[in-house]
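User: I would like to learn how to read the features of a two-chain model, one at a time. Could you give me the general idea behind each feature before turning to the case in hand?

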Amino acid sequence: MTTEMLAVFLGSSIRLAMPLLLAAIGELVSERAGVLNMSLEGMMLTGAFAGAVAAWATGSPVLGLVAAVAAVVPVALLQAFLTNTLRANQIVSGLGLNILILGATTLGYREIFGARSREAIPGFDKWSPPGLGDIPVFGEAVFTQVWLVYAAPLIVIAVAMMLRTTALGIALRAAGESPRVLDRAGLSAVRLRYGVVIFTGIMAALGGAFLAIGDIHTFTEGMTNGAGYLAIAAVIFGKWDIVRTAIACLLFGAATALQFQLPAMGIEVPSALLIMSPYLLAFLSVAGLVGRQTAPRALAVPYWR
Amino acid sequence: MTTEATSTPARAPSWRPHAVAVPQGLLVPVAAVLGAFACGALLVVATGLPLGQAASAFVDGAFGSAYAISASLNRSVVYALVGLGFIFANRANLTNVGGEGQIAVGGIAATAVALAPGVGQLPFGLAFIVPMLAATLAGAFWGGIAGVLKARVGTNEVISTLLLSFIATWLVYWCVQSRQLLRQPMTSAATLPESPAIPEAAQLPLLTGDYASPVTIGLPIAVGLAILVAVVLGRSRLGFQLKAVGLNPVAAMRAGFSTQQTVVLAFLVAGGFGGLAGAVMLLGDQYSLKAGFSSGYGYDGLVVGLLARGSVSGVMAASLLFGFLRSAGITMEMSAGVPTALVVVIQGLIVVAVAGAAFWLDRKQPARG
C-alpha cells in the first residue's frame, strides 16, 4: 500500500465510521441506563430525512442539522413512552418504529422530491484544522473533513467523563444495573430512562444527518441501510465501554472502506465477507469467544416500580 | 423425568393450553389493524390521491385474480412458517428475531442441494423433498447456534439471532458472488449475480397444476405444520415443558425439565421453520438464489408471530393479513400510483400499537421476564 492509498484509506475509514460513532455514543449511554433502542436505525433515518429535506428547503446545512434533531425528538419520545411507561418489549417496539419510519420517510421522500429525486442537497463544506491540513498527503486525505468529524472525539471525551465522574453518570449506570436501588435512593429510574432515549435520538439524528448532508449530500430511500444495527453491534463489540465502542466504530468503518480499497490494490476478497465482518466480530464478541460478557444487568428489562 | 409424581402437573385438569383471555387478546390486534388502516386511508387522502381508486387497486391486488390470490397465499405461507417457529420458541419465553437469517441459510441449502448433481433426477418427488429437508436442517442449525449460546453462555438471544441474520444475509451475497460457490457463469455484464435456475423437478408442485394460479404445495404443508404445532403446544408434554421453562425456569428444573435442553430444542425448531420457509421461497417462487432474496420476509414473519400473541390460529390470521397486505401494496403502486411504502407504514403502526397494548393485555398475567 502506498502512502497515498494509506492516507485515503484512513480518511475514508474515519468518514464511514462517523455516522456509526455518533449513533453508538447515544446507544451506549442508553444501554448503560438499561434501555436497548432497537429503533436506532429508524432514528438515524429520521435524522437523515429531516436533515436532507430542511437543508434542501432552506439551503442551509446548519438548519438541516437543527431540523434533524427536532424531528427525532417525537420519535424518541414515542420510543421512551412505549418502553418506559407502557413497558413494551423494547425489541418489538423498536423494530415496529423502524418499519414505520422506513415507510414514512420513503412516502415523504416521494411526496416532497418526487421526480426531482437524486437532486444534490446543500451539505457541509469540508474543513481542515490549521496545521493538520498542511501535512503532506495526510492533510488532504485524512484531515480535510466536515466539522462534525472533529466534534465527535470531543463528544466521546465529554460522555466518558460524564459517565465516569459525575453524579449523573453514576445514576445512569445504576439505572442499567439495578433501577430499584436508584429509586430507593430517591431518583426516578423512569425519568432517567426517558432522558437517555431522547439523548440517543439526538445522537442518532446527528449520525443520520451526517450521512445525508455531511457525506453523500442526498437522501435515498432507506439510506441508513442497517447502520443503526451496526452501531448497536459496535456497542456490543465494545463491551459497553465508550472508548472500546469508539474503536469498534472505527474498525467497522475501516472494514467498509476496505471494500473499495482492496480492489484498488488488486486484492480479490469477496466484498460480502468484508461487509459481513463487523457483524461477525460483534457476534463472536457476544458468543463469549472474545472475552467475557459485560452487558448491563437490567438491559432491556422494563422497570416496574 | 425422575419420578412419575413430578410429571403429574402436565396432566392436571386445571391446566389449559390457552389460558390467555381470548376476547381482549383478539380485540387489541383487530383494533390495531383497523386503526392502522384508517391512518393509511388518511395518508392516501393527505397525499391527494383518490381514495376510492387506491382502495379498488388495493382490493384488486389482493383478490382481483386467481394469480393475485395465489401470490398472496404463497407469501402468507412464508410468513406463517416463520410465525409458527416464533411462537414455538416464544412459548419458552424466547424471542427469535432471526427468521430473516434462517430463511437465508435455508435458501442457500435448498439451492445448493437442488442443484447438486443427481438430485434433479430423483424419483417420487424426492427432487424437491430432499432440498426442503436440507433447508430445514440448515435453518435448525442456524437457530440452534443461538440456542446453544443462550443455554451455555447466557447470550441474549435477541442480539445473537439479529447478528446471525445479518451474517446470513451476506452469506447469500457471498454465495451468489463467488463462482466457486453458487454463482452461475456470467451471461452478460449487466445481469446481477445469481445462482443457476432450480431444475424443474426440484420446483414445488402447484396445487392446480396451472401457472395462472401458482399456489404451491407449501400451503398444505404450512397448514399441516400449524395443526401439528397447535397439538404439540397445547396437548403434549413438550408443550407443557416449553411453557414451564418459559414461565419459571427454576420450578421447571425442579420438575425435572432441563432448561438448557429445552432452550436448544426450541431454537432448533424455530430455526427449522425458518429454513423451511427459505426452501418454500426458493423452490416455489424465486427459482434462483439472488442477493437479498429474503429481504423483509423474516421480519414480517416475526411481526406475524408477535401479533399472534402465542396462538396458532393467530399466526394463520396474521400471516394471511400480511400476505395479502404486501401483495396488494405492490399492485396498488403499479396501478394507482400509491407507493408501497404506505403498506409499510400501516404495518409499522400495527406493530407499534400491538407492542404498546401489551401493557393492558399482560396486566392480568403473571409477570414475565
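User: Which residues of chain A does UniProt list for "transmembrane region"?

Analyst: Some conventions come before the answer: this is a predicted model, in which local features need pLDDT of at least 70, side-chain atom pairs count only at pLDDT 80 or more, and totals for chains, interfaces and linings use all residues. Residues are numbered from 1 along each chain as its sequence is written, chains are lettered from A and ligands numbered from 1 in the order in which they are written, and side-chain values use heavy atoms, with hydrogens and water left out. UniProt positions are given in the numbering used here, with feature names shortened, and annotations may be inferred rather than shown by experiment. The unreviewed UniProt entry lists residues 6-26, 38-57, 91-109, 147-172, 192-213, 219-238, 245-265 and 271-290 of chain A under that heading.

User: What is the helix content of residues 147-172 of chain A, and what is that of residues 192-213?

Analyst: Helices (H or I, at least four residues) and strands (E, at least two) are DSSP runs, numbered from the N terminus. Residues 147-172 of chain A are 96% helix and 0% strand, with end C-alpha atoms 29 Å apart, while residues 192-213 of chain A are 100% helix and 0% strand, with end C-alpha atoms 31 Å apart.

User: What area is buried between chain A and chain B?

Analyst: The size of an interface is often given as the accessible area lost when the parts come together. Here that loss (1.4 Å probe, summed over both parts) is about 3500 Å², of which carbon and sulfur atoms give 85%. In chain A, A:Ile99, A:Leu107 and A:Phe283 lose the most area to chain B, together 17% of what that side buries. Counted by contact (heavy atoms within 4.5 Å), 36 residues of chain A meet 39 residues of chain B.

User: Which side chain meets A:Arg164 in a salt bridge?

Analyst: The partner is A:Asp241, at 3.3 Å from N to O. The pair links distant parts of the chain, 77 residues apart, with A:Arg164 in helix α6 (residues 147-165) of chain A and A:Asp241 in the loop between α10 and α11 (242-264) of chain A. Over all chains the count comes to four salt bridges.

User: What is the mean pLDDT of chain A, and what is that of chain B?

Analyst: pLDDT is the predictor's confidence in each residue, from 0 to 100. The mean for chain A is 85, and 94% of its residues reach 70 or more; for chain B the mean is 81, with 88% of residues reaching 70 or more.

How values were computed
Buried area is the accessible area (1.4 Å probe) that two parts lose on being put together, summed over both.
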